[in-house]
Amino acid sequence: MVDVRYDIAFRLYPYVRVSAQDAAPLRHPVVIVGGGPIGMAAALDLGKRGTPVLVLDDHEGVGQGSRAICFSKRTLEIADRLGCADAMLAKGVQWNVGRVFHGPERIFEFNLQAEAGHKYPAFINLQQPYFEKFIVDEIRAAQAAGAPIEIRGQNLVTGLAQNDGFVTLEVETPDGPYQIEADWLIACDGARSPLRDMMGLGFEGRAFEDNFLIADVKMTADFPTERWFWFEPPFKGAGQSALLHKQPDNIWRIDFQLGWNIDRKAELDPARIRARVDAMLEAQTGTIPPYELEWTSIYTFQCRRMEKFRHGRVFFAGDAAHQVSPFGARGANSGLQDTENLAWKLDLVLRGLAPDALLDSYSPERVFAADENILNSSRATDFLTPKSDVSKAFRNAVLKLAQTHAFARPMVNSGRLSVPCTYDGLPLNGPDALNGPARSRVGAVCPDVPLGEGFLLNQLGRGFTLLGINTQVPDSLTESGIAVTPLQLSAQDGPLAERYLGAAPAAVYLIRPDQHIIARWPLFNDAATRQALRRAIGKA
Amino acid sequence: MPLNTAPNLPDPDGFYDELLRAHEGLSQAESEALNARLILILCNHIGDGEVLREALRAAAA
Ligand SMILES: Cc1cc2nc3c(=O)[nH]c(=O)nc-3n(C[C@H](O)[C@H](O)[C@H](O)COP(=O)(O)OP(=O)(O)OC[C@H]3O[C@@H](n4cnc5c(N)ncnc54)[C@H](O)[C@@H]3O)c2cc1C
């Protein structure tokens, strides 16, 4: 028996009995447990690299319901490399303007208008089920083109044992249990991670004493495509804060911050939710436009993480490894960066091109990122939910001052929108020998730049890149069996010079498969490049 | 620039008087709100993280 714990929005991988269920346990190079956005992205990344991967999920498709809606530029860039960003961009809603209110006062507005010269916008809004479906659609296309990816629906992992050199999984199916063996296991089984529990591992952090009512409302009323956020909303029953944000298909996400001591069941009564939504819409439009409640739920939020994300042959990624409150949209966005960090490393190790030590770098890099995300999301939550009278006095002082004084506006915090972390000072990094811009320093993700008809990030392949700007890099360079792809560019002014040269006349950048910068120099140096590459694959 | 804790106000008595007058007639909560705004305005004016940390330490000591 495999329990159905939630409703399915898209039934994408119905249960199919496979012959392995009747045979002795079969060994797989990589097994991924959990077919949420993070597990599926990991599968797509590995599969497109040619590494065979098996995904086990206890449901038959993508779950329904309101979770992530804001997907960041970095997520779209990763999805672009994986081949599914176009579908996301086409369906997603783009927005730039955010308005912040305090009570009835409109305090100020901001424009997210990203810097020009990037392929993707700062953010799109898209319901998580679509986001997941587009990844699975691309998996199907990749499978058709020969990528070694297999998905097994209604395969519930119930047990795990780490042996010498492999992992054994107990799997429950509608036809009974069977066993699977894996060289490597990626646990993407969500915030409640049963695998974490099976391994007896902790998940420490902070729970916020607050409840958020989330209502997805379908209406055709003509609201602008903006993000509206209220502190201490003036409409009845709205709680401590409220949010209105547009999604595709004429759906609006409405959030009410209800506080800690509430009767959850009573609050979920549709009549009660409608009364709240009516009051909000009437306050904005003077009338109550017709609408339908598409989905409602109440969430509490936590900020916590595992101490380490690697445990022997098991890696934890996404919500299983770390959980943040949603202010700032850092959950799925950061989980995707976990898989992008892990996929190329696992692929190199499985091909025998890098030592096991490379896999050790996954945890410190992604723990560093998780801490940054948890810090940002905790700070936003503290601003939204002042914990004492004095913190409330300061919070409201900021809101009041923000109406008239520009200096206070950057302190208003309803969520700092997700940006990728820079791996400052971490072990895989090489030298930063260029007096170049801070944004493209060692450890950072390459900033995108328009190049002719296209963009720089599209020129970075699946492997390592050696980028020469205004200085020659060799046509080919192979180190430790890894061929580095050269990219020769020139720039006098414009975005490429601004983002990669700064005051320097020329530069050489060595770039990882996940588009993080390994090292940079004013000129090409063969020995230095080789040494940096060896270090970046865990060999030095 | 270190935190200046030497006398720096040209007219200490006059300033003290103005500070108290700004709070005249305010409730406790209104006064706290005024203080909070004042602190934020001054901190922004100073703008130097190290000086502000020193000031926080001096105030807490
Ligand atoms: C209200 C809300 C708003 C949010 N907004 C945003 C946002 O705007 N932007 C953002 O980036 N993030 C947001 N998030 C966070 C985002 O939803 C999560 O970070 C994301 O879903 C994590 O993906 P995951 O793949 O790690 O885990 P999940 O999506 O939880 O997937 C886990 C999968 O594992 C399966 N599974 C579990 N146990 C087993 C087992 N034993 N065997 C087999 N399969 C198993 C589950 O069925 C599921 O399919 C929000 C979250 C909430 C609640």
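1. Domain layout of chain A. In this predicted model, chain A is divided into four parts by the assignment: domain 1 (8-92 + 112-203 + 304-364), domain 2 (206-300), domain 3 (373-411) and domain 4 (438-536). Domain 1 is written as three segments, with domain 2 (206-300) falling between the segments 112-203 and 304-364.

2. Domains 2 and 3 of chain A. The C-alpha centres of domain 2 of chain A and domain 3 of chain A are separated by 22 Å. Contact between the two involves nine residues of domain 2 of chain A and 11 residues of domain 3 of chain A.

3. Secondary structure of chain B. Three helices and zero strands are found in chain B, and their order along the sequence gives the pattern α-α-α.

4. Dimensions of chain B. The radius of gyration of chain B is 13 Å, whereas a compact globule of 61 residues would come near 10 Å. Along the principal axes, the C-alpha atoms of chain B occupy a box of roughly 35 × 25 × 25 Å.

5. Burial and surface of chain B. Of the 61 residues in chain B, 11% are buried, that is, under 20% relative accessible area. The accessible surface of chain B amounts to about 4,900 Å², and carbon and sulfur atoms account for 59% of that area.

6. Charges of chain B. Chain B carries 4 positive and 10 negative charges. The mean position of the positive charges lies 8 Å from that of the negative charges.

Note on methods:
Residues numbered from 1 in each chain as written. Chains lettered and ligands numbered in written order. Predicted model: local features only at pLDDT ≥ 70, side-chain atom pairs only at ≥ 80, totals over all residues. Heavy atoms only, no water. Helix = DSSP H or I, 4+ residues; strand = E, 2+ residues; numbered from the N terminus. Rg over C-alpha atoms; globule rule 2.2 N^0.38 Å. Buried < 20%, exposed > 50% of the residue type's maximum accessible area, 1.4 Å probe, protein only. Areas by Shrake-Rupley, 256 points an atom, 1.4 Å probe, with all protein chains shown as cover. Lys, Arg positive; Asp, Glu negative; His and termini not counted. Charge placed at Lys NZ, Arg CZ, Asp CG, Glu CD. Domains from an automatic or database assignment. Contact = heavy atoms within 4.5 Å.
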